[in-house]
Amino acid sequence: MSRLFYAQILLLLTYIIAFNGVSGNNDTCSASSEGPGSCAAETGGPVGGPVPPSVCFVVRTYWGHGDEHGGELRSFLKSLKDQDEQNWEAVFVVADKKPFPEMYTILESMNETRAWVFAEWIGEDYTPKIDGAWANGYHGTLYNMTDDAIRLCSPSTTWVVVTNGDNLYGRSFISTILATADEDTDLVSFDFYSRFNRPTMPPCDRFTPEYNHGHNCKRNNMVWCQVDLGSVAINRTRLMKEYRYFGELTYDYGVDESHNDGLMFQELLQDGWKIKRVEDECLFVHSPSIQSCGWNGGVWDDRDILYTGGDCISQEEADRILLEDSTIEKVDINVIHAGNYKTEYADARISIDGTVGCLRKKDALSASVWGVNAHHFGKGCTDKDDHERLENILKHFGM
């Protein structure tokens, strides 16, 4: 069966769902290891907000976003419920070895009928990581699920945002999309808070004004390694009209599917899609970030950023690390941020106008740390402002 035929079937289902609703029958809510299943959450189905949705969030999530592991999914949903424009819906997809029953509990407890579950694929075939590395083919499966979910957003949808269940959106994110775009706009991109901010610069210092050239957060350059899925609103009408799929890119880049987000945006711009950029407002948090870590009272762990980009830990965990490992130091740094964070993010309970604690190795400026980071991320992950500096760094370390 061709992808085009399948897309037409999905489009038909979209209209059936819009006019008839979805019952939320538990017989179809969860998939077993034998195959996929799809449903609307018991909270009421895909449509039910005060106005027809114009923005559809396709949300990839898993059990690690639940209340028992930090409550990130609940925080994500709250950031949508706090939007100053309420014409949105959220479509959830899960692909994992372990089920996520708590997702339904969270949706029901928040009484949010605009959030519903499209598919939950559970089983050994959907194991995300093996020995710490992404499992072969996992991202291909996840992107195929994402593509199908996009096509089941409500027919009224103008913009689609693909994101993860641990991210956050500023209150004016949706209103800014609507105010920024005109009838010719295909993409609206946002600069964002990210743990991968300036990864070729010194640990911890990479978040300070000294290394960010006047920017308040990570600049969204809309290329591989310098963009995040959740930082871009996509014109859904054109996406569907041109039969664009994250799981099946137009060009062969010779890399695995884990890179398809940035590569998709690259090829859309290459093919003439028109973009409007929202710079330095920082209305998206690619979690975890040092900024959200700070305003929640945590300490940033920048000891090893090669594969994770760093992490947010508690003050107690930071104290334990410092006590047990004499090679680690804690520095208090002045982090970049947009001054609007106090009003945009409901969980910003602690000021980051001063400093945020950050852990790093004491030899953070050595070839074995800074040099290795710079070489690993390379020019492809380096903002254009830092290209010359990167060349000098690599030359200095003989790399």
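A cavity, as the word is used here, is a set of grid points where a 1.4 Å probe fits but cannot get out. The model examined is a predicted one.

**Cavities**

Rolling a probe the size of a water molecule over the atoms shows where empty space is left. In this structure there are 2 cavities of 30 Å³ or more. The volume of the largest cavity is about 60 Å³. Which residues line the largest cavity? Its lining is made up of R198, P199, K218, R219, N221, Q226, C381, T382 and D383. By residue class, the lining of the largest cavity divides into 4 charged, 3 polar and 2 nonpolar residues.

**Aromatic rings and charges over them**

How many aromatic pairs does a search of the whole structure find? The search finds 20. One aromatic cluster is formed by F57, F76, Y169, F173, F190, F192 and F284.

Two tryptophan rings, those of W63 and W134, have the charged end of a lysine over them. The table gives the distance from each charged end to the ring centre.

| Charged residue | Ring | Distance to ring centre |
|---|---|---|
| K98 | W63 | 4.1 Å |
| K129 | W134 | 4.6 Å |

**Two threonines in loops**

T127 is located in the loop between strands β3 (115-122) and β4 (129-130). Is T127 buried or exposed? T127 counts as buried because its relative accessibility is 14%, and buried means under 20%. The side chain of T127 reaches the backbone oxygen of E124 at 2.8 Å.

T208 also sits in a loop, the one between β9 (193-194) and β10 (232-235). The relative accessibility of T208 is 11%, so T208 counts as buried. A polar atom of the T208 side chain lies 2.6 Å from the backbone oxygen of D205.

**A lysine in helix α12**

K395 belongs to helix α12, which covers residues 387-396. Why does K395 count as exposed? K395 is exposed because its relative accessible area is 66%, and the cut-off for exposed is over 50%. Along the chain, K395 and G371 are 24 residues apart, and 9.7 Å separates their C-alpha atoms.

Conventions: Residues are numbered from 1 along each chain as its sequence is written. This is a predicted model: local features need pLDDT of at least 70, side-chain atom pairs count only at pLDDT 80 or more; totals for chains, interfaces and linings use all residues. Side-chain values use heavy atoms; hydrogens and water are left out. On a 1 Å grid over the protein atoms alone, a cavity is a set of points where a 1.4 Å probe fits but cannot get out, and a pocket is an open set with protein on both sides within 12 Å along at least five of seven lines; lining residues have an atom within 4 Å of a point. Grid points are joined across faces, edges and corners, and a volume is the space filled by probe spheres set on the points. Ala, Val, Leu, Ile, Met, Phe, Trp, Tyr, Cys and Pro count as nonpolar, Asp, Glu, Lys and Arg as charged, and the others, Gly among them, as polar. Rings of Phe, Tyr and Trp (its six-membered ring) pair if their centres lie within 6.5 Å; planes under 30 degrees apart count as stacked, over 60 as edge-to-face and the rest as tilted. A charge sits over a ring if NZ of Lys or CZ of Arg is within 6 Å of the ring centre and within 35 degrees of the ring normal. Helices (H or I, at least four residues) and strands (E, at least two) are DSSP runs, numbered from the N terminus. Buried means under 20% relative accessible area, exposed over 50%, partly exposed in between (1.4 Å probe, protein chains only). A polar contact is a pair of N or O atoms within 3.5 Å; within protein, one must be able to donate a hydrogen and the other to accept it, and residues adjacent in sequence count only if both atoms are side-chain atoms.
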